[in-house]
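This briefing is meant for a reader who is meeting the structure for the first time. Please look over the sequence and the model before turning to the points that follow.

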Amino acid sequence: MTLLTMIVKMAEGLGKTCAIFFLTLLFSLPLGMVVALLRMSKNRIVSGVTRLVISVLRGTPLMLQLLAVTYGPYYLFGAGVARNKLIPVVVAFAINYAAYFAEIYRGGIESIPVGQYEAAEVLGYTKLQTFVRIILPQVIKRILPSITNEVVTLVKDTSMAFTVSYQEMFSIGKQIANSETSFTPFLVAGVFYYVFNGVVDFVMGRIEKRLNYYQ
Amino acid sequence: MKRLFAFVLALAMVCCLAACGSKDNASSVDEEKKTFIMGIDPEYPPFSYLGDDGQYTGFDVEVCAAACELLGWDFQVFAVNWDEKLIQLDAGECDCVWSGMTILDSMKEAGYVISQPYYDNTQVLLVKEGSDITSSADLAGKRVAVMLGTSGEAMLAGDLADLAASFADLMICNSFLSCFTELGGGSVDAVFVDLPVAAAYAANNPGFTVINEALGAEQYGIAFRSGDKALCDAIEGAVAELVSNGTYAEIAAKYTDISADNLVFLNK
């Protein structure tokens, strides 16, 4: 197999890698905010339960969660296994990443001084207005570098989807490596991931710059 | 400038460490030879698997252990990641890969020393009991699973590519268990798998049937690093002795899922 065919075949798998990446971000970024708000709830039971869920999601390997979401229903209830693996894969990824994003959001929200809430109240802002107009814009600016960190990790984590037989780019690389007894596909995969993350880095850098309107 | 210097220094240190590591490996393998590390796929019953007592066992493991005993070597088992078995072999994590491994021409081309074949492997189909699939001809439009890095996968990409083209979908899984789980859960209609593995699974799990049709023929062998010809010869010699003194047949008799007809050394 020539290098070109190798690259073309792996690039086909890159589409599936991108599907995991974008769908996971689409669902986990908002979900993370919901989880963060539940985590900071004044209700002890709500915040306690959320805390437990987050600790399980962060404390167990993503690979295990992928297996649990995909094959768990079959082993537990004898239910069928999904044919389209993208669904269980995105569910597992979105839940897992939401847990991480939630903690990042919480850190950001809690870093805003209480004085700002008091000032907003004096000025007659409602609680919702205070959060959306005053707190959130500052939070987003502060947490962006941490979010970039997670997004970069997500690009690389997509290779784990093969645990449940989802044919993303890296698994195709593995197949070629096996049939050709060659290590070149791993090199190609490395370049693909690096370039992908280069784009992520660039985009996130631009967003950071645009939000940096006070400097 | 100072920064650059620090960077270069750090790089040099890392390189030194790396060099030390590789030297250590080489010496332990080349000079002593007292310890022989066998690389296995720990999920490949009946050839190599984790036994009920928590120790690795299986036909290949027992043969290798007996051969090492004969040679007076210390015997160790190392569980490789099957996709990366040859990288791990090159890295010196094990001294051979011996675990129902199908001999591929590409391995020889890449310079690995490959032993004489010891097992004629056939691929079969595993289906759910009561399935309407009774032969490979019924597979058109069906969904089939195969494990990555197995001879079945290689065959479906090579000699049996026409058959593979008739499938509705070919799912490549990263373990046998996940292939079988996909079958149990109904997301595929059949699993294309080595006969002994299929037989062992069907025997232990009700509700699955092995279709009695041998598809494609390949052979199992042992892979050594390039340059380890002497090691390969020593192991082959020991195995030949095990065959002549009857130990080999004794071990084979313990594994009913392995058909003696397929064991090359017992059919000379």
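Predicted model: local features only at pLDDT ≥ 70, side-chain atom pairs only at ≥ 80, totals over all residues.

Leaving aside neighbours within four places in sequence, B:Phe176 is in contact with B:Glu43, B:Tyr44, B:Met147, B:Thr150, B:Val193, B:Asp194 and B:Val197.

- B:Phe176 belongs to helix 7 of chain B, which covers residues 176–184.
- With a relative accessibility of 6%, B:Phe176 counts as buried, since the cut-off for a buried residue is under 20% relative accessible area.
- B:Phe176 and B:Trp82 are 94 residues apart in sequence, and their C-alpha atoms are 11 Å apart in space.

**Chain B as a whole**

- Chain B contains ten helices and twelve strands, and of its 268 residues 48% are buried.
- Among the contacts in chain B with a separation of 6 or more, 74% are between residues 24 or more positions apart.
- The peptide bond that joins B:Pro45 and B:Pro46 is cis, with omega at about 0°, and B:Pro46 is found in the loop between strand 2 (43–44) and strand 3 (48–50) of chain B.

**Chain A as a whole**

- Chain A has eight helices and zero strands, so that its pattern, read along the sequence, is α-α-α-α-α-α-α-α.
- The C-alpha atoms of chain A fill a box of roughly 70 × 50 × 25 Å, taken along the principal axes.
- Of the 215 residues in chain A, 43% are buried, and residues 24 or more positions apart account for 76% of the chain A contacts with a separation of 6 or more.

**Helix 4 and helix 6 of chain A**

- Two packed helices are described by the angle between their axes and the distance between the axes.
- For helix 4 (residues 86–110) and helix 6 (residues 127–157) of chain A, the axes come within 9 Å and cross at roughly 140°.
- Helix 4 of chain A and helix 6 of chain A are therefore oblique to each other, because an angle counts as roughly antiparallel only when it is over 145 degrees.
- The crossing in which helix 4 of chain A passes helix 6 of chain A is right-handed.
- On the side of helix 4 of chain A, the contact is made by A:Phe93, A:Tyr97, A:Tyr100, A:Phe101, A:Ile104, A:Tyr105, A:Gly108 and A:Ile109, while helix 6 of chain A contributes A:Phe131, A:Val139, A:Ile143, A:Ser146, A:Ile147, A:Glu150, A:Thr153, A:Leu154 and A:Asp157.
- The residues of this contact between helix 4 and helix 6 of chain A divide into twelve nonpolar, three polar and two charged.
- Helix 4 of chain A, with 25 residues, reaches 35 Å from its first C-alpha to its last, which is close to the 36 Å expected at 1.5 Å a residue.
- Helix 4 of chain A is also mostly covered, with 18 of its 25 residues buried.

**Helix 7 and helix 8 of chain A**

- The axes of helix 7 (residues 169–180) and helix 8 (residues 184–211) of chain A come within 8 Å of each other and cross at roughly 165°.
- That angle makes helix 7 of chain A roughly antiparallel to helix 8 of chain A, and the crossing of these helices is right-handed.
- From helix 7 of chain A, the residues A:Met169, A:Phe170, A:Gly173, A:Lys174, A:Ile176 and A:Ala177 meet A:Pro185, A:Phe186, A:Ala189, A:Phe192 and A:Tyr193 of helix 8 of chain A.
- The residues of the contact between helix 7 and helix 8 of chain A divide into nine nonpolar, one polar and one charged.

- A:Ser165 lies in the loop between helix 6 and helix 7 of chain A, and its phi is near 65°, a positive value in a residue other than glycine.
- A:Ser165 has a relative accessible area of 4% and is therefore buried.
- A:Pro73 is placed in helix 3 of chain A, which covers residues 62–77, and with a relative accessible area of 28% A:Pro73 is partly exposed.
- Not counting residues up to four places away in sequence, A:Pro73 touches A:Ala68, A:Gly78 and A:Ala79.

Technical notes. Residues numbered from 1 in each chain as written. Chains lettered and ligands numbered in written order. Heavy atoms only, no water. Axes fitted to C-alpha atoms, helices over the stretch in contact; angles between N-to-C directions. Helix = DSSP H or I, 4+ residues; strand = E, 2+ residues; numbered from the N terminus. Parallel < 35°, antiparallel > 145°, perpendicular 65-115°, else oblique. Left-handed = near helix turned anticlockwise from the far one by under 90°. Contact = heavy atoms within 4.5 Å. Nonpolar A, V, L, I, M, F, W, Y, C, P; charged D, E, K, R; others polar. Expected span 1.5 Å × (residues − 1). Buried < 20%, exposed > 50% of the residue type's maximum accessible area, 1.4 Å probe, protein only.
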